[in-house]
Amino acid sequence: MQKRNKYTEIEDFLSDESFQLWVLSKVDQEGWEEWTLESRQRAKLVEDARLMLLAMKIPDTQLSKSDIHRALQTTWQKIREKENQKTVKTLKLNSFRKRFVSGIAATLVIGLMSAWFYNNHFKTENNVVTYKELIEENNEGLVEQTNNSSKPQIITLSDGSSVLLQPNSKLSYPKIFTGNERKVYLSGEGFFEISKNPKKPFFVYANEIVTKVVGTSFRVKAYSDHPDVEILVRTGKVKVKSNELVSKSNEEEIVLLPNQALRFLRNDMKFNKITNITQDPVLVQSVGNIEQLSFEFNDIPVSQIFETIEQAYLVDIDYPQNKLKECHLTTSLSDQPLTEKLKIVCKSIGNNTSFEMNGNQIIITSEGCN
């Protein structure tokens, strides 16, 4: 017990097994807490030793690049200060202590760098934090929709835009869009059809990137545990850039046109533009019905139009088949959200035709064609 009264250096504490047990396992068999509080100078030295030991342990929680950088800088600064103090006091460590301090520094650096490598090359969960941070910083009052089912879900936004949200995905959005911008936040995968409003651009925040549109249809795939983020444009034009809250990059916006895609490599923070999606096997395999089906109809039975909508959005449409069996329509629905498509069809049918949406169930009410 009297041995620790002679401790004057951090490594004295680090080599003491009872000190390690107290710091790492919260077991204070030797009365370390009471002994520490007896002297302010002693408490400062004990705290430095405690922080060093905890840093060497490397906790299981995630470490960001900035956290690692700060830890490294702090550690080396302490080592330099300690060496400077020894020089002023003309004190010399014996060869054992020199090797011990060097070993501590090497262990800490290797441990921190290993944690950095693991977090950046094998874990992407940091980007879930990015999604959460974006939600927390938004003061509009957001609604979060999570798709825990095995089928895509339709979400209709206040401006008439629609999102086909895939399983294991979530979308946060305001009940009503205010101001000069429309912003939503995605974690997972969603197909967006945006109502046109040049005065109020639409932004999709998905992990490290931001997609800006005015009125178009496109897919964003941004799962937290995937190594990249994908954007595929079906109609219109979108602009993509790095999220400034994740990267202070000054890169210009990348413009994507119909049937073009962009793959953002998260580990390298690089964009890979794909001008011909048919030559990318991964994209070809992932293209869904909504991106392949044609919504150009020329004298087509209404029943076939409803069937196309059902296949594209994976919804069920209940309509009076007998009353509409003779109805044929000529219309273009290629660049409209789902609700707008339904409005156009109902207006074209006429005769007080209307629709009602309840999740993925759509009910058409009509007295027949004009």
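Two strands are counted as paired if DSSP finds at least two bridges between them, and helices (H or I, at least four residues) and strands (E, at least two) are DSSP runs numbered from the N terminus. The structure shown is a predicted model, in which local features need pLDDT of at least 70, side-chain atom pairs count only at pLDDT 80 or more, and totals for chains, interfaces and linings use all residues. Residues are numbered from 1 along each chain as its sequence is written, and side-chain values use heavy atoms, with hydrogens and water left out.

**View A. The hairpin of strands β6 and β7.** Strand β6 (residues 202-206) is joined to β7 by five bridges, and the two strands run antiparallel. Within this pairing, Y205 stands opposite V210 of β7. Two residues lie between the strands of the hairpin, and N207 in the turn has a positive phi of about 55 degrees.

**View B. Strand β7 and its pairing with β10.** Strand β7 (residues 209-213) is mostly covered, with four of its five residues buried; buried denotes under 20% relative accessible area, exposed over 50%, and partly exposed in between (1.4 Å probe, protein chains only). Four bridges connect β7 with strand β10 (residues 238-242) in the antiparallel sense. I209 has S242 of β10 as its bridge partner.

**View C. Strand β4 with β1 and β5.** Five of the six residues of strand β4 (residues 169-174) are buried, and the strand is mostly covered. Strand β1 (residues 142-147) runs antiparallel to β4 and is joined to it by six bridges. Strand β5 (residues 182-193) also pairs with β4 in the antiparallel sense, over three bridges. S172 of β4 stands opposite E144, and its bridge partner in β5 is Y185.

**View E. The parallel pairing of β15 and β18.** Strand β18 (residues 361-365) and β15 pair in the parallel sense over three bridges. D318 has I363 of β18 as its bridge partner.
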